[in-house]
Amino acid sequence: MEELLHKYFGYTQFRPLQREIIEGVMNKKDSFVLMPTGGGKSLCFQLPALMLPGLTVVVSPLIALMKDQVDGLIASGVPAAFINSSLFQSDIDERMRAIKRGKIKLLYVAPERLVMPSFLAFLAEIPISLFAIDEAHCISEWGHDFRSEYRQLRILRKNFPDVPVMAMTATATQRVQQDILEQLKFGKTALRYKASFDRANLHYAVLPKEKQFVRLLQFLKGHKDEAGIIYCFSKKSTDALAAALCEKGFKALPYHAGLDAATRTKNQEKFVKDEIDIICATIAFGMGIDKSNVRFVVHYDLPKSIAGYYQETGRAGRDGLESDCLLFFSYGDKHKIEYFFTEIQNERELRVAQEELKSMLDYAESHSCRRKILLNYFGEHYPKENCGNCDNCMSRGASETIDATREAQMFLSCVARIDQRFGIKYVIDVLRGSEDQRILSNRHHDLSTYGIGKDKKVKYWQALAHELISNKYLVQDAANYNVLRLTPAAWEVMKGERKVEIRRIDETAGGSDSVASSRPSAQAAELPSGHKDLFEKLRALRKNIAEKHGMAPYMIFHDSSLRDMTVRLPKTKSEFLEVLGVGESKADKYGKLFLEEIAAYQREHSITKLNLPKASYIPPPESQTTLASFRLYKQGMSAADISSERKISLTSVMAHLEVYIASKEITDISAFVSEQKIAPIKAAFEKYGDAVLSPVMDALGKDGFTYEELRVVRAFLFAGRS
Ligand code: ADP
Ligand code: ZN
């Protein structure tokens, strides 16, 4: 499996769960895969497709994407094809003949075609190894993308009872998951996987909306010539923002449902093909976007729910490089969204919408780790205190907390005195002694808290109120004009039993400012200028090649591959093969051109190989499944025992235990590799590096050694170093 992974895709390690999922498919099990956008779902059926004898049929609703996906696979040397309504009948016939002759391993089709009787009849004559259903949540009426054609996929069970089915989605709600399993009639033996939803390479930040355009320009300075999406609430603001950015010299275009289909497609294509950098879009945009080098996603207005927000930001950084997710926030947006709630008739639906908006507000207002909040929404516990990659975590320490117990007591007791019947603005008015008619007629100017907060600005009290809300001293009743209600913790504060610490409130700036705008972009941050120049040259070359072949640039190489080229400066084909994401087929097809470009650049500029991220081994992370194996190991089971107990391969078991060898929880490796083999393996790692195993194996001569042994020794050496 590792060899194929490198040969076709140019990757050296599986992402979490990929190996297990692939093994499950190879054992003909049905599987349900829940992974965030960019988590690496495609590989889970693409690699099995190469190993299995028959055809793998991929069902995808995204006709617009199929060509790019298939182009990318063909560039990687994978015999793939798509059949959809964009093709002439003669092309379709030709492809069907190729499939019959066994020339195609992976076929992409839309669900409506798949369930056509004539197409089913065609498939019935072909050995099929796997059905992979992408965007499987489209099958559920509870999901946000329900498609009636997906419902009919149940027919697969009836017509192909022995062919395993893999259903994949990034949508997390329990109800949708359950629905997918039921609709597809997954039995008890079906395997279910849930990957962590954490996207470690995404940086999250929130900025206030004041001086929004200026702030945006500042932010974009850190993303010069990089691709990004800016989501806006309305079609009109989308157009206006794109125009304003063009005026400032950016290459930006709008995308929304108000444009005619041809313009929409054209704008999207220009973005995908790197002809423009920025697309200003309503949420109508994105479903069909697989572009891997999106370096930032900005929300110019508040999204309606975290589910949507997470999916949209998920479009950034699919290639694993650092990317930015920036949200602009003001309370005005909340009201704009609520305004549309008046159109919702169904009460249950209304409640869901209100709850969703509330979680979104909690996110925007919070001073704790953004990542923690996002993952918490998906029912996942984020274990670290400080994620190190969100505005709040990065500014923590830098910004001090202060004791605001006294002011909090003033605010909370004011809420109590007015019987928890009013919202933030009213409370502040009372505190600051406003002579507003409402206050006078409610006789609230007689309260003891009236006017006691005069010496602080409105901004201060607003900020404090939101601190109190985000720290759960107060809740806003969304169903009831956002009236403030006290929690038990609030009473403890008023009784003096509890102190309130908040971040220092800057009355002049109004809200928290973030480091996002000053954070240099990933490539600029790490590459010296000469290398950055070369990176741009390689990008231009990639674009040229893509144009010639009518392909999307990122299907030739991801940015991460180009970046790795500038770091390694390969001179030979075999060095080129060491570049991340370069498999044999791409090396054959494009190697020469890229090597020439790199050599030409080096003749004119003196740059040298950077030895900074010389890819070296990083142990895989701990997960539920690694832990399950480790527990059995601790009970005294051998790797073979664990393998039969858990019904997973020995390779998987070793990949699990490797985690604990690397973390020194397993210190004795004599059960996995014999003493006299360690020295030669170690020597080979020293000579060939430890990122990729196949050259090390080649050097050792395959016979005497197994990949498992190499992995064990590698982890063991890692443990010794750390
Ligand atoms: P998803 O379908 O889950 O949104 P993709 O399958 O498109 O995600 O994968 C996201 C990105 O990760 C792609 O650019 C893919 O090439 C890359 N990728 C997948 N598996 C690996 C791996 N094992 N190592 C490195 N990159 C990977
Ligand atoms: Zn954080």
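Which residue has a polar side-chain atom that lies 3.1 Å from an oxygen atom of ligand 1? In this predicted model, the residue is Arg15, whose side chain supplies the polar atom at that distance. Arg318 also takes part: an N or O atom in its side chain is 3.1 Å from an oxygen atom of ligand 1. Gln13 contributes through its backbone instead, with a polar atom there 2.8 Å from a nitrogen atom of the ligand. Of the 570 Å² of accessible area that ligand 1 has on its own, the protein covers 85%.

The shell holds 15 residues, and the closest are Tyr11, Gln13, Gly38, Ser42 and His558. By class, the shell comprises eight polar, four nonpolar and three charged residues. Helix 3, which spans residues 41-51, gives the most to this shell, with three residues.

Helix 3 also has a packing partner, helix 1. Two packed helices are described by the angle between their axes and the distance between the axes. For helix 1 (residues 2-9) and helix 3, the angle is about 105° and the axes are 11 Å apart. Helix 1 is therefore roughly perpendicular to helix 3, since angles of 65 to 115 degrees count as such. Eight nonpolar residues and one polar residue make up the contact between the two helices, with no charged residues. On the helix 1 side, the residues are Leu4, Leu5, Tyr8 and Phe9. Facing them from helix 3 are Leu43, Gln46, Leu47, Leu50 and Met51.

Terms used: Residues numbered from 1 in each chain as written. Chains lettered and ligands numbered in written order. Predicted model: local features only at pLDDT ≥ 70, side-chain atom pairs only at ≥ 80, totals over all residues. Heavy atoms only, no water. Near = heavy atom within 4 Å. Polar contact = N/O pair within 3.5 Å; in protein donor to acceptor, adjacent residues only side chain to side chain. Areas by Shrake-Rupley, 256 points an atom, 1.4 Å probe, with all protein chains shown as cover. Helix = DSSP H or I, 4+ residues; strand = E, 2+ residues; numbered from the N terminus. Nonpolar A, V, L, I, M, F, W, Y, C, P; charged D, E, K, R; others polar. Axes fitted to C-alpha atoms, helices over the stretch in contact; angles between N-to-C directions. Parallel < 35°, antiparallel > 145°, perpendicular 65-115°, else oblique. Contact = heavy atoms within 4.5 Å.
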